[in-house]
Amino acid sequence: MVRFAIDPMLKKGEGSQFVEVGDVNEFNEQPRAITFKVHRKDGWYEPKEGETLTAWIRKSPNGEILALSPICKHLGCTVMWNGNPQFKDEYFCPCHFGRYDKDGVNIPGTPPPAPLDTYETKVENGKLYLGKIKPRSGV
Ligand code: FES
């Protein structure tokens with residue numbers, strides 16, 4: 001499912017840095033890609049139409065939300081859940097056959113040197129919000 005949300009508050013240093021991406025009950029154990037737009041200024045560069053970001057989101061049975069960046073930690077290609085029929089229930093990067101498990105942890109022996117980055121998440125009034133992307137360590 002692709003969703004579009006525009007949040008003018010995601011400018012650097014302004015107000016909340018979280019963007020609503022949907023009702024938390026829409027998510028389950030099956031990772032789902034959500035696409036949304038944010039307005040961001042990077043130095044002099046501030047695209048009028050905003051920047052499109054994607055997150056792979058899943059909710060575990062205990063309600064824990066995991067929102068992963070789709071950017072491969074090898075050389076930055078885009079990963080996809082079940083992107084290769086040979087590797088079921090994994091994230092797959094087609095550029096150099098990078099693979100990650102359901103938690104976004106890189107599979108040993110494949111090119112990615114680290115787990116996928118995660119978005120900060122919060123739930124308020126039944127809505128899921130995504131914040132900044134953060135690298136993971138020690139996973
Ligand atoms: S960029 Fe993903 S495996 Fe190389």
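This is a predicted model: local features need pLDDT of at least 70, side-chain atom pairs count only at pLDDT 80 or more; totals for chains, interfaces and linings use all residues.

Is S69 buried or exposed? Its relative accessible area is 4%, and the cut-off for buried is under 20%, so S69 counts as buried. A polar atom of the S69 side chain lies 3.2 Å from the backbone nitrogen of I71. Leaving out residues up to four places away in sequence, S69 touches T54, L116, D117, Y119 and I133.

Let us now turn to strand β5, residues 65–68. Both of its faces are covered: I65 and A67 are buried on one side, and L66 and L68 are buried on the other. Strand β5 pairs with β4 in the antiparallel sense, over four bridges. Within this pairing, I65 is the bridge partner of K59. Five residues lie between the two strands of the hairpin, where G63 adopts a positive phi near 90°.

That brings me to R58, which is located in strand β4, residues 51–59. With a relative accessible area of 11%, R58 is buried. Which side chain does the R58 side chain meet in a polar contact? The partner is the side chain of D103, at 2.2 Å. Neighbours within four places in sequence aside, R58 is in contact with E64, I65 and L66, with N28, E29, Q30 and P31, and with K102 and D103.

Thank you for your attention.

Conventions. Residues are numbered from 1 along each chain as its sequence is written. Side-chain values use heavy atoms; hydrogens and water are left out. Buried means under 20% relative accessible area, exposed over 50%, partly exposed in between (1.4 Å probe, protein chains only). A polar contact is a pair of N or O atoms within 3.5 Å; within protein, one must be able to donate a hydrogen and the other to accept it, and residues adjacent in sequence count only if both atoms are side-chain atoms. Contact means heavy atoms within 4.5 Å. Two strands pair if DSSP finds at least two bridges between them.
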